Amino acid sequence: MIRIENLIKLFGPKKAVDNISFTVAKGEVLGFLGPNGAGKSTTMRMITGFIPPDSGSIQVGDYNIMTSPIPAKQLLGYLPENAPLYTDMTVYGFLSFTAELRGLRGAARKAAVEKAIDTCFLGQVAHQNVDTLSKGFKHRACFAQSIIHDPEYLILDEPTDGLDPNQKHEIRSLIRNMGRSKAIIFSTHILEEVLEVCTRALIIDRGRIVANGSPSELKAMHPDAGSIILKVDGVIEAAVKDKLNALNYVKSFEILKVKENRVTARVYPKEKGSLFAEQLANDANQCGWRLEELHTDEGRLDEVFRQITLPDTVKQDSKKKEPVVTVRI
Amino acid sequence: MNLALRNIYTIAKREIGGYFTSPVAYVFIVIFLLLAGVFTFPLSDFFARNEASLNAFFVWHCWLYLFLVPAVGMRLWSEERRLGTIELLLTMPVTGWQAIMGKFTASWLFLGLALALTFPMIITVNYLGNPDNGVIFCGYVGSFLMAGAYLSISCLTSALTRSQVVSFILSVVICLAFIMAGWPPLNTMLEQWLSPNMVSALSNISVMTHFAQFQRGIIDSSDIVFFLGVIFFCLFTTGVIIRSHRAG
């Protein structure tokens, strides 16, 4: 388990990381989200022992990274931001070098290098010089060094940055598979990635953790989460309004679109739950409306992210501009 | 092999490989040998001296290294910082000290190789006359130690900056100061203003003064301690600089 407690890092007067605490257990894939400069990379650099924290403790497995850095680093695999590589080496030579520093020798080293090359699809460029590679290959070569010793803990700083959609997909499934047996922390700007790969996500803003939960829990923080989009045919707007006003389990609703006799509305329940959709479907059927669409909105992570991480002044402005048409019952 | 030595060996091996996969190593060796030859033969009138010794060869070394050693050392850490690989290297299970030693040893061995390739000088002088090979051996030991001292200074300046050019210039200036402190014309001039004790103290921190002993065939422990002391001090300071960069 990686356990981080009350981590603080100052860069001059600026608090880059401000009292962060969290844990990641094996079998978990923790997504690190946050705007640029939020403190994600700084936190990762502290976990991997590259920069020392000003206060707080970092426990990697049984070791504290500050007091016993070498055994702690042995348990970690790290992909730094921008995937740095020695440009004067071949991919094979580079991986061989990192394997050797990881304590692998002889046949074990050869096997580890070949496995990493296979896993990261580097076969065709294995004997090519690193500076002749495309960005995607460079990124995967650096990713390969992070998993070469099959570490228990993986820290990946933007592992899919600069990859094409196919490569992104490959790396994501790799992370998901490895996440079953390892503890993985990875940072990203791509929110779908979090939904696809993570078991838990942390949102960091200005050095603080502002949200911590599973991707679905974070999505549920959206104000529209749990509401139902209802699209019915063969009925006029007034009739829909009357009926929805009369239903006692509906808290409020808004008409989104009216086109001929087709009405689309967003309906908010008094109590969020799975029964709501069923009740609404039954009532719509009883009224003789033809249901074209009825689905529960699970909320949108990008909106939640914006809500949480936008500076307060911008938030107020954007609230003013939002045209919200809500009919209160 | 113990773990620390293993790590130093692995890092040194990579560094040396890095020299030889790029043209740097070959260009350096060719220029070094060429300049050593030019300084020894046409500039010092090696043959006209009619001496069976390599004095004419060694006397130029502190000037020869002034530009060539910083050219080898300037990239040691500045390149790591520019490429960002320092983050990769220092998050591996190696200590900062092992990384510094690995890189330094590799470059020092490389300089040693360049120096060893001047062996035709020994053959020439042995062919032409009957030199004291012990003195020649002392000269080589001194020259190698002096190259190490210059290199450790370059190592320090390369840790200060991401720019290899800045690292090179800083290193040349510091090395020059280490030569000038014992340069006879400057010392004679300083004697007009300073007491003889102060001038001799100043010349004692010069590489020139200490290297001169080796040229005479004297291996004095104080000279060895001087060169090793400079190396240790500079590498230790390099470690401090790297640690302070990481602390932010």
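Me: How many bridges join strand β1 to strand β2 (residues 14–24) of chain A?
Reply: This is a predicted model, in which local features need pLDDT of at least 70 and side-chain atom pairs count only at pLDDT 80 or more, whereas totals for chains, interfaces and linings use all residues. Residues are numbered from 1 along each chain as its sequence is written, with chains lettered from A and ligands numbered from 1 in the order in which they are written. Strands (E, at least two residues) and helices (H or I, at least four) are DSSP runs numbered from the N terminus, and two strands pair if DSSP finds at least two bridges between them. β1(A) and β2(A) run antiparallel, with A:Arg3 facing its bridge partner A:Thr23, and the number of bridges joining these strands is eight.

Me: Which residue in the turn of the hairpin formed by β1(A) and β2(A) has a positive phi?
Reply: The hairpin leaves two residues between β1(A) and β2(A). A positive phi of about 65° belongs to one residue in that turn, A:Gly12.

Me: In strand β4 of chain A, what is the bridge partner of A:Glu5?
Reply: Besides its pairing with β2(A), β1(A), residues 2–11, is joined by five bridges to β4(A), residues 55–60, and these strands run antiparallel. Within β4(A), the partner of A:Glu5 is A:Ser57.

Me: Which residues make up the uncovered face of strand β11 (residues 228–233) of chain A?
Reply: In a regular strand the side chains alternate between the two faces of the sheet. β11(A) pairs in the antiparallel sense with β13(A), residues 262–269, over six bridges, and six bridges also join β11(A) to the antiparallel β14(A), residues 290–296. A:Ile229 stands opposite A:Arg266 in β13(A), while A:Asp233 has A:Arg290 as its bridge partner in β14(A). The covered face holds A:Ile228, A:Leu230 and A:Val232, and the uncovered one holds A:Ile229, A:Lys231 and A:Asp233.

Me: Which residues touch the most other members of the largest nonpolar core?
Reply: A nonpolar core is a set of buried Ala, Val, Leu, Ile, Met, Phe, Trp, Tyr and Cys residues joined through C-beta atoms within 7 Å, where buried means that 20 or more other C-beta atoms lie within 10 Å of a residue's own, exposed 12 or fewer, and partly exposed in between, with C-beta atoms placed from the backbone. Of the 136 residues in the largest core, the two that touch the most other members are A:Ala144 and B:Met146.

Me: Which helix of chain B supplies the largest share of this core?
Reply: The core draws at least three residues from each of domain 1 (2–219) and domain 2 (221–329) of chain A, bounds that come from an automatic or database domain assignment. Its largest share, 12 residues, comes from residues 133–160 of chain B, which form helix α10.

Me: How many residues does chain B bring to its contact with chain A?
Reply: Two residues are in contact if their C-beta atoms, placed from the backbone, lie within 7 Å. Chain A contributes 21 residues to this contact, and chain B contributes 19.

Me: Which helix provides the largest share of the side of chain B that touches chain A?
Reply: α1 (3–21), α7 (85–90) and α15 (221–247) of chain B each supply at least two residues of that side. The largest share, five residues, comes from α1(B).
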